Amino acid sequence: MAKQFDVIVIGGGPAGYHAAIRAAQLGMNTACIDKWLNKEGKPAFGGTCLNVGCIPSKALLEASHKFVEAKESFADIGIVTNGIDIDVPAMIARKDSVVKNLTGGVAALLKSNGVTAMEGTARLLAGREVQFTAHGGEPESLQAEHVILATGSVSVEIPPCPLTEELIVDSTGALDFTAVPKRLGVIGAGIIGLELGSVWRRLGAEVVVLEALEEFLPVADQQVAKEAQKHFKRQGLDIRLGTRVMSSEVKRKKVKVDFKQDDGDKSETFDAVIVAVGRRPYTEGLLAADSGVNLDERGFIYVNDLCATDAPGVYAIGDVVRGPMLAHKGMEEGIMVVERIADQKTLVNYDTVPSVIYTYPEIAWVGKTEQELKSSGEKYNVGVFPMAASGRAMASNVTEGFVKVIADEETDRILGVHMICAHAGELISDAVIAMEFGGSAEDLGLTMFAHPTLSEAVHEAALSVHGHAIHTANRRRRKKS
Ligand code: FAD
Ligand code: AMP
């Protein structure tokens with residue numbers, strides 16, 4: 001007889017393991033199946049995020065940022081350094097040990113919450129039957145009241161630039177270079193391309209980013225994107241917009257990349273190339289023809305607002321469904337689905353999903369951009385506060401960038417908050433919380449922020465919406481009040 005569960009979660013990435021742990025907390029007999037094998041060929045829970053995504057990229061971003069800081073700005077604050085150098089294998093090994101700790105931690109969390117963690121591949125059959133094949137094992141049959149699909153995403157590959165073992169790599173390969181490539185090409189100026197390009201630029205590579213679009217970071221507020229472009233240029237990231245990669249050739253351990261620009265066809269030669277042109281939903285081998293689950297035209301599992309698929313009792317969450325491919329979005333979907341199974345009324349607020357780019361300065365936003373509001377004709381006020389006017393930013397020698405708050409002209413409700421500054425990824429939570437509670441710029445302005453902190457810039461930007469900022473000239477568009 002098939003083993004019975006209340007809930008089977010397929011995929012142990014951030015979306016899946018959150019769902020599994022919360023389901024077990026709610027008293028459901030839960031299994032979480034994951035097929036990931038790490039570099040050593042060992043099963044590892046945590047999915048893309050922990051193994052080859054958020055965490056390892058941040059470990060390298062942090063290490064490379066510290067190196068640049070030590071080399072370039074310690075002298076500003078009176079620290080004398082001599083002979084600062086890097087040890088790339090040690091940096092990679094430290095990143096690997098962070099990953100190992102965390103993936104082991106997820107396995108331990110599943111266990112301590114009473115989730116049955118199953119290492120191997122799952123396939124959804126009709127009637128919520130799941131075929132499970134352990135690594136090196138035989139298929140066995142499981143049955144569940146509810147199945148949650150959380151199989152994530154994989155990197156997009158492009159025919160002009162097929163991956164090779166070492167020279168043309170995706171984001172996963174770029175987390176494991178054993179030496180700094182002298183000249184590095186990055187295809188795609190999206191979040192992942194900019195983060196990984198930054199890592200290797202900071203460590204000494206000459207980095208050229210080739211981006212097909214004419215506009216830089218179209219998803220971000222364009223005032224922020226322009227500021228970012230200025231900083232990246234200063235850092236030596238050579239970002240070429242309007243540049244479509246057409247073909248590539250590997251010759252004598254170098255990669256020649258051919259691309260099209262408005263004024264003609266050109267090429268560049270690199271010691272390594274990172275292909276960072278996006279990610280696609282991953283459903284290979286997941287769905288039997290009669291599972292009842294449908295995909296949309298872009299290959300995502302089709303779900304409604306509550307993450308229910310077309311098959312009764314089957315849900316899908318995380319990167320494999322519509323919406324931003326972000327770990328925290330999947331986590332919240334996982335929680336919503338299991339709490340709804342337990343008859344709670346949880347919802348995901350897709351209007352307040354924060355986005356962060358972990359470059360220096362960090363870029364973060366939530367809500368609508370100014371260009372979106374302009375094109376929809378909504379009326380708004382804007383307040384901007386420069387970090388150069390923040391006491392804490394000055395004390396910490398991180399005065400780059402600004403915080404921008406956009407509020408509805410009529411109601412003052414916060415419509416979007418955009419920032420480029422040190423620790424923007426942390427500061428954005430202030431804005432997310434305000435927006436989650438339907439707050440106005442005035443509400444944020446009336447909230448007390450600890451002094452001296454970088455987050456005071458969020459407070460001042462909110463005050464600036466109505467011309468009340470204390471530490472800046474309130475030059476931005478505002479109504480007198
Ligand atoms: P995944 O994490 O992809 O997990 C899916 C899991 O399902 C995998 O373990 C897979 O092996 C398993 N699986 C698939 N099919 C089956 C099957 N049939 N049977 C069993 N198991 C299966 N997001 C952020 O929010 N912040 C960041 O800073 C960030 N940085 C990133 C940096 C990089 C370099 C990359 C590549 C991604 C980054 N992301 C970041 C995106 C983030 O990693 C994803 O949004 C997140 O991992 C999605 O979670 P998920 O649980 O939906 O899927
Ligand atoms: P994202 O989807 O945010 O990870 O960003 C990927 C980026 O890669 C997008 O901005 C695409 O425009 C860009 N891109 C996709 N294909 C190509 C190509 N052939 N040449 C250059 N850039 C590309």
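This is a predicted model: local features need pLDDT of at least 70, side-chain atom pairs count only at pLDDT 80 or more; totals for chains, interfaces and linings use all residues.
Ala, Val, Leu, Ile, Met, Phe, Trp, Tyr, Cys and Pro are counted here as nonpolar, Asp, Glu, Lys and Arg as charged, and the others, Gly among them, as polar. On this scheme, the lining of the second largest pocket divides into 7 nonpolar, 9 polar and 8 charged residues.

The protein chain is divided into three parts. Domain 1 spans 3-155 + 280-350, domain 2 spans 168-272, and domain 3 spans 361-478. The C-alpha centres of domain 1 and domain 3 are 32 Å apart.

Ligand 1 has 37 residues around it. D34, T48, K58, D319 and A327 come nearest. By class, this shell holds 17 nonpolar, 15 polar and 5 charged residues. Several elements contribute. At least two shell residues come from each of α1 (14-25), β2 (30-34), α2 (47-52), α3 (54-73), β3 (116-124) and α8 (327-341). Helix α2 gives the most, with 4 residues.

A backbone N or O atom of K35 is placed 3.2 Å from a nitrogen atom of the ligand. For C49, a backbone N or O atom lies 3.2 Å from an oxygen atom of ligand 1. The side chain of H328 also takes part: one of its N or O atoms is 3.4 Å from a ligand 1 oxygen atom. On its own, ligand 1 has 990 Å² of accessible area, and the protein covers 95% of this. The size of an interface is often given as the accessible area lost when the parts come together.

E211 contacts the ligand through its side chain, with an N or O atom 2.6 Å from an oxygen atom of ligand 2. A212 and V245 contribute backbone atoms instead. A polar backbone atom of A212 is 3.1 Å from a nitrogen atom of ligand 2. In V245, a backbone N or O atom lies 3.0 Å from a nitrogen atom of the ligand. Ligand 2 taken alone exposes 510 Å², of which the protein buries 73%.

Rolling a probe the size of a water molecule over the atoms shows where empty space is left. The second largest pocket has a volume of about 740 Å³. Its lining numbers 24 residues, and V68, E72, S73, Y360 and E400 lie nearest its centre. Helices α3, α6 (191-202), α7 (222-235) and α10 (391-396) each supply at least two lining residues. The largest share, 6 residues, comes from α3. Helix α3 also supplies at least two residues of the shell around ligand 1.

Backbone geometry was examined next. Most residues other than glycine have a negative phi, and most peptide bonds are trans. Y360 and P361 are joined by a cis peptide bond, with omega about -10°. P361 is placed in the loop between β17 (355-357) and β18 (362-367). Y360 is also among the residues nearest the centre of the second largest pocket. Another cis peptide bond joins H451 and P452, where omega is about -5°. P452 belongs to the loop between α12 (441-445) and α13 (456-464). R128, a residue other than glycine, has a positive phi near 55°. The loop between β3 and β4 (129-134) holds R128.

Methods
Residues are numbered from 1 along each chain as its sequence is written. Chains are lettered from A and ligands numbered from 1 in the order in which they are written. Side-chain values use heavy atoms; hydrogens and water are left out. A residue is near a molecule or strand if one of its heavy atoms lies within 4 Å of it. A polar contact is a pair of N or O atoms within 3.5 Å; within protein, one must be able to donate a hydrogen and the other to accept it, and residues adjacent in sequence count only if both atoms are side-chain atoms. Accessible areas come from the Shrake-Rupley method with a 1.4 Å probe; for residues, only the protein chains shown count as cover. Domain bounds come from an automatic or database domain assignment. On a 1 Å grid over the protein atoms alone, a cavity is a set of points where a 1.4 Å probe fits but cannot get out, and a pocket is an open set with protein on both sides within 12 Å along at least five of seven lines; lining residues have an atom within 4 Å of a point. Grid points are joined across faces, edges and corners, and a volume is the space filled by probe spheres set on the points.
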